[in-house]
Amino acid sequence: MSKITRVEALMVDLVPQVRRVDAIQSFVSQETPIIRIYDADGAVGTGYSYTIGTGGPSVMALIEHTLGPALIGRDAAMVEQIWRDLLFLTHATTVGAITAIAMAAIDTALWDLRCRKAGLPLHVMAGGAQERVRLYTTEGGWLHLETSVLVEDAIRQKASGFGGAKLKVGRPVHEDVARISAVREAVGHDFEIFTDANQAFAVDEAIRRARHYEPLDIGWLEEPLAADDVDGHLRLSRSTSLPIAVGESLYSPLHFRDYLQRGACSVVQVDVGRIGGITPWLKVAHLAECFNVAVCPHFLMEIHVALCAAVPNARWVEYIPQLDSLTTHGMTIKDGYAVPSAEPGLGIAWDWAAIDAQAAPGSRFTLN
């Protein structure tokens, strides 16, 4: 075990590779805080998190002025203890997105450091439950795309081995039904179609739409209601045969506990960048396992592939590439499955020359 001696950080503002529009917003940028934590042995761990266009400078300020200084001199191996102490240090700003995103960058760096010192890849260090995880794609299902584009992309992804595709919903209900039906007719019933409303509906509308979607054999209805509406999700879950997926907009394991205890969801989409890092991600995944509920995390496929392979109840990895310009090579895909890296650490091949070149002006800092 060795003490933390230095913390380095910067932020890269990434532009999405394709236009991304859903029922409530357009994803125009990904502010990406990247943290490097060094210990007295000279080992280094790299972590990251993200926003979808706002709050990045606030995340960096919280790390620079509050969380980062609290790391210096700590035993880097005591990851759980550090996470708990940082949570208490920021108790006045939790539960909240800015704090969770900042903690995620630090926690993923500490796990990377831990894995590298142990000589193990993350998926083994964190559990070692699976060797590969099924992939579905979201990149061809955005709400602004014409139906013909949705169909062409789904056919192409099925031919490449992917097991499913996600379609955004939130147009007038007859348009949603027509779009889903066209894709279903094109790909048949041996290819999953998932739907995502991005919190667009009230309970009555969600119940109505679910009854229209049910005959189309969709894999789940994702974020149909506001993320904090547990009662609404319970009413919806009781009224439909569709699996109800939640989690990308939840920032505490306790929120997942509420959903699972009440039977208000049937798919958990916990996001490592929003829940506060790997430490709480694993808690949520194992909690879901106790309720016999599948984990299908949101976004961040480059790290979620390892986390999904670490737990037995992970069913899908979401394909949305976003780190290509910051890495020397991407996630391994074989026969429609995401395969975790065998290299020690998170399994992300960072390209530091590219990262340095794309760093947002004024975002760098070093703490000793």
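A charge is taken to sit over a ring if NZ of Lys or CZ of Arg is within 6 Å of the ring centre and within 35 degrees of the ring normal. Under this criterion Arg132 lies over the face of Tyr337, at 3.6 Å from the ring centre. The charged end of Arg114 likewise sits over the ring of Trp111, 4.5 Å from its centre. The model is predicted, so that local features need pLDDT of at least 70 and side-chain atom pairs count only at pLDDT 80 or more, while totals for chains, interfaces and linings use all residues. Residues are numbered from 1 along each chain as its sequence is written, and side-chain values use heavy atoms, with hydrogens and water left out.

Aromatic contacts were treated next. A pair of aromatic rings is described by the distance of the centres and the angle of the planes. Rings of Phe, Tyr and Trp (its six-membered ring) pair if their centres lie within 6.5 Å; planes under 30 degrees apart count as stacked, over 60 as edge-to-face and the rest as tilted. By this rule the count comes to ten aromatic pairs. One of them, between Tyr136 and Trp220, is edge-to-face, with 5.6 Å centre to centre and 85° between the planes. This pair links distant parts of the chain, 84 residues apart: Tyr136 is in strand β4 (residues 133–137), and Trp220 is in the loop between α7 (203–213) and β7 (221–222). Helices (H or I, at least four residues) and strands (E, at least two) are DSSP runs, numbered from the N terminus. Tyr136 counts as buried because its relative accessibility is 0%, and Trp220 is buried with a relative accessible area of 2%. Here buried means under 20% relative accessible area, exposed over 50%, and partly exposed in between (1.4 Å probe, protein chains only).

Trp220 also forms an aromatic pair with Phe194, which is stacked at 3.8 Å centre to centre and 25° between the planes. Phe194 lies in strand β6 (residues 192–196) and Trp220 in the loop between α7 and β7, so the pair ties together parts that are 26 residues apart in sequence. Phe194 counts as buried, at 2% relative accessibility. Ring pairs link Tyr136, Phe194, Trp220 and Trp316 into a cluster. Strand β6 itself is mostly covered, as four of its five residues are buried. β5 and β6 pair in the parallel sense over five bridges, where two strands pair if DSSP finds at least two bridges between them. Within this arrangement Gly164 stands opposite Glu192 in β6.

Backbone geometry was examined for exceptions. Most residues other than glycine have a negative phi, and most peptide bonds are trans. The peptide bond from Thr94 to Val95 is cis, with omega near 0°; Val95 is found in the loop between α2 (79–89) and α3 (97–118). Asn292, in the loop between α11 (278–290) and β10 (294–295), has a positive phi near 55°. Leu300, in the loop between β10 and α12 (301–310), has a positive phi of about 45° although it is not a glycine. Asn292 counts as exposed at 73% relative accessibility, whereas Leu300 is buried, with a relative accessible area of 3%.

Grid points are joined across faces, edges and corners, and a volume is the space filled by probe spheres set on the points. The largest pocket has a volume of about 420 Å³. Its lining comprises 30 residues, of which Gln25, Ile52, Glu248, Arg274 and His298 lie nearest the centre of the pocket. α3 and β5 (164–168) each supply at least two residues of this lining, and α3 gives the most, with three. The lining divides into twelve nonpolar, nine polar and nine charged residues, where Ala, Val, Leu, Ile, Met, Phe, Trp, Tyr, Cys and Pro count as nonpolar, Asp, Glu, Lys and Arg as charged, and the others, Gly among them, as polar.

The structure holds two cavities of 30 Å³ or more. The largest cavity, with a volume of about 40 Å³, is lined by Val79, Ile82, Trp83, Leu86, Met103, Ile106, Asp107 and Leu110.

Terms used: On a 1 Å grid over the protein atoms alone, a cavity is a set of points where a 1.4 Å probe fits but cannot get out, and a pocket is an open set with protein on both sides within 12 Å along at least five of seven lines; lining residues have an atom within 4 Å of a point.
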